[in-house]
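Colleague: I'd like to go through this one with you. Could you tell me how each label was assigned?

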Amino acid sequence: MKVIKKLIWLGILIVLASILSILDRYISSIIMPLIPVIGSFIANIKIGLANLIILYIIEHFDLKYNLLGIILKSTIIGFIYGSMITFLIGLLGTILSFISMYIINKLLTGTHKYIFISIVGGFTHMLGQMIMVFIFYKVEFSINSLLLYSPFVLTIGIISGLCIGLIYDNIRKVLNNIIKQ
């Protein structure tokens, strides 16, 4: 692909990832109140629908376009939804997740590797967010509450990563055919 064509496709994909992120937040706002135990324990758990697009970008673009893509998507969502602290919490999760997914993508082969890549991405995204929450709100969180909170949040990251990986594994052939046209 030529540079301009890559940038156009990347722009379309980032807009799509941003739309999926907004949709994801909307779905979460409907579902979380219906699950009182989880909804009261942690707010804003999302499935990670935007990661369908991020996985595609990791698969088809080189490092500089990947970095541009994740930074633009995080910035767009940060401007739409958050304060600077919320943006930084999400950005660290995104960067940590991206680095782990990008490295694993380079190391693994096989047709179903994106399931594993997505699981690791979901886990590391939640880990990065937990680190930033602890840094920003350490006065409000004790080590004990962090230890109680961690297994739940990291498990959610693994489960959402598995779901997104399975979905991506099934639709990547369709996406590849659309882009080739």
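Colleague: Which residues make the nonpolar surface patch?

Modeller: Val3, Leu7, Ile22, Leu68, Leu72, Ile76, Ile80 and Tyr81 make it, over about 620 Å². H4 gives the largest share, five residues. This is a predicted model, where local features need pLDDT of at least 70, side-chain atom pairs count only at pLDDT 80 or more, and totals for chains, interfaces and linings use all residues. Residues are numbered from 1 along each chain, and side-chain values use heavy atoms, without hydrogens and water.

Colleague: Why is Ile80 called partly exposed?

Modeller: Buried means under 20% relative accessible area, exposed over 50%, and partly exposed in between (1.4 Å probe, protein chains only). Ile80 has 45%, so it counts as partly exposed.

Colleague: And what makes Phe98 buried?

Modeller: Its relative accessibility is 3%, so Phe98 falls under the 20% limit.

Colleague: How do you know what kind of pair Tyr114 and Tyr168 form?

Modeller: Rings of Phe, Tyr and Trp (its six-membered ring) pair with centres within 6.5 Å; planes under 30 degrees apart are stacked, over 60 edge-to-face, the rest tilted. Here the centres are 5.5 Å apart and the planes at 75 degrees, so the pair is edge-to-face. Tyr114 lies in helix H6 and Tyr168 in helix H7, so the pair ties together parts 54 residues apart in sequence.

How values were computed: Helix = DSSP H or I, 4+ residues; strand = E, 2+ residues; numbered from the N terminus. Patch = residues over 30% accessible without salt bridge, like charges linked within 9 Å, V, L, I, M, F, W, Y side chains within 5 Å. Areas by Shrake-Rupley, 256 points an atom, 1.4 Å probe, with all protein chains shown as cover. Salt bridge = Lys/Arg side-chain N within 4 Å of Asp/Glu carboxyl O.
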